[in-house]
Amino acid sequence: MKNPVAPAAELLGERIRLARIQLGLSQEAIASLASMHVTNYGKIERGDANPSLLTILRIAVVLETDIATLTADIGGEHLPPGNLVLRAGEYLEERRRRARRSR
């Protein structure tokens, strides 16, 4: 059974795939140029993997783009379903609120 995929991984994979297609190169070629196995590269394109920053950087260099282009507008709303992330500002506000209440 397939694990649920994070929307962030799907978006990143789609952008990488489109950049590769625009260059007219195969997955095998990009994987080889990025010094990675084609199976792992394919998982990234499909959004089935969470590549490290260095892996994304290697792919971006091969695709002659930058990480910012590949990750533009990917944010907290693209986390996997059920992932609760509290923003630092929300945490600080709650801490201040509790401190005022305990006085």
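Tutor: Start with the ground rules. This is a predicted model, where local features need pLDDT of at least 70, side-chain atom pairs count only at pLDDT 80 or more, and totals for chains, interfaces and linings use all residues. Residues are numbered from 1 along each chain as its sequence is written, and side-chain values use heavy atoms, with hydrogens and water left out.

Student: How do I read a helix label and the word "buried"? Which residues of helix H3 are buried?

Tutor: Helices (H or I, at least four residues) and strands (E, at least two) are DSSP runs, numbered from the N terminus. Buried means under 20% relative accessible area, exposed means over 50%, and partly exposed lies in between (1.4 Å probe, protein chains only). Helix H3 covers residues 38–46, and its buried residues are Tyr41, Gly42, Ile44 and Glu45.

Student: What do the buried residues of H3 pack against?

Tutor: Contact means heavy atoms within 4.5 Å. The buried residues of H3 pack against helix H1 (7–23), helix H2 (27–33) and helix H4 (53–62). Just after H3, Gly47 takes a positive phi of about 80°.

Student: How do I read the packing of two helices? At what angle do H1 and H3 pack?

Tutor: Axes are lines fitted to C-alpha atoms, for helices over the stretch in contact, and angles run from 0 to 180 degrees between N-to-C directions. Under 35 degrees counts as roughly parallel, over 145 as roughly antiparallel, 65 to 115 as roughly perpendicular, and the rest as oblique. H1 and H3 pack at about 115°, with their axes 6 Å apart. That makes H1 roughly perpendicular to H3.

Student: Which residues meet there?

Tutor: From H1 come Ala9, Gly13, Glu14, Ile16, Arg17 and Arg20; they meet Tyr41, Ile44 and Glu45 in H3. The residues of this contact divide into four nonpolar, one polar and four charged. For these classes, Ala, Val, Leu, Ile, Met, Phe, Trp, Tyr, Cys and Pro count as nonpolar, Asp, Glu, Lys and Arg as charged, and the others, Gly among them, as polar.

Student: Now salt bridges. How many does a search of the whole structure find?

Tutor: A salt bridge is a side-chain nitrogen of Lys or Arg within 4 Å of a carboxyl oxygen of Asp or Glu. The search finds seven. One of them joins the side chains of Arg20 and Glu45 (2.5 Å, N to O). This pair links distant parts of the chain, with Arg20 in helix H1 and Glu45 in helix H3, 25 residues apart.

Student: Are Arg20 and Glu45 buried or exposed?

Tutor: Arg20 is buried, at 11% relative accessible area. Glu45 is buried too, at 7%.

Student: Which salt bridge do Glu93 and Arg96 show, and where?

Tutor: Their side chains meet at 3.4 Å, N to O. Glu93 and Arg96 are three residues apart in helix H6, so about one helical turn separates them. Glu93 is partly exposed at 40% relative accessibility, and Arg96 is partly exposed at 43%.

Student: What about Glu94 and Arg97?

Tutor: Their side chains form a salt bridge at 2.3 Å, N to O. Both residues lie in helix H6, three residues apart, about one turn of the helix. Glu94 has a relative accessible area of 26% and is partly exposed. Arg97 is partly exposed as well, at 34%. Salt bridges that share partners also join Glu93, Arg96 and Arg100 into one network.

Student: Back to faces. Which residues of H4 are buried?

Tutor: They are Thr55, Ile56, Ile59, Ala60 and Val62. Their arc is only 160° around the axis, which puts them on the same side of H4. The face turned away carries the exposed residues Leu53, Leu54 and Val61. The buried residues of H4 pack against H1, H2, H3 and H5.

Student: Last, a loop. Where is His78?

Tutor: His78 is in the loop between helix H5 (67–71) and helix H6 (88–101). His78 counts as buried, at 16% relative accessibility. Leaving aside neighbours within four places in sequence, His78 contacts Ala6, Pro7, Ala8, Leu11 and Asp73. Glu77 is in the loop between H5 and H6, but Glu77 is exposed at 59%.

How values were computed
Arc of directions from axis to C-beta.
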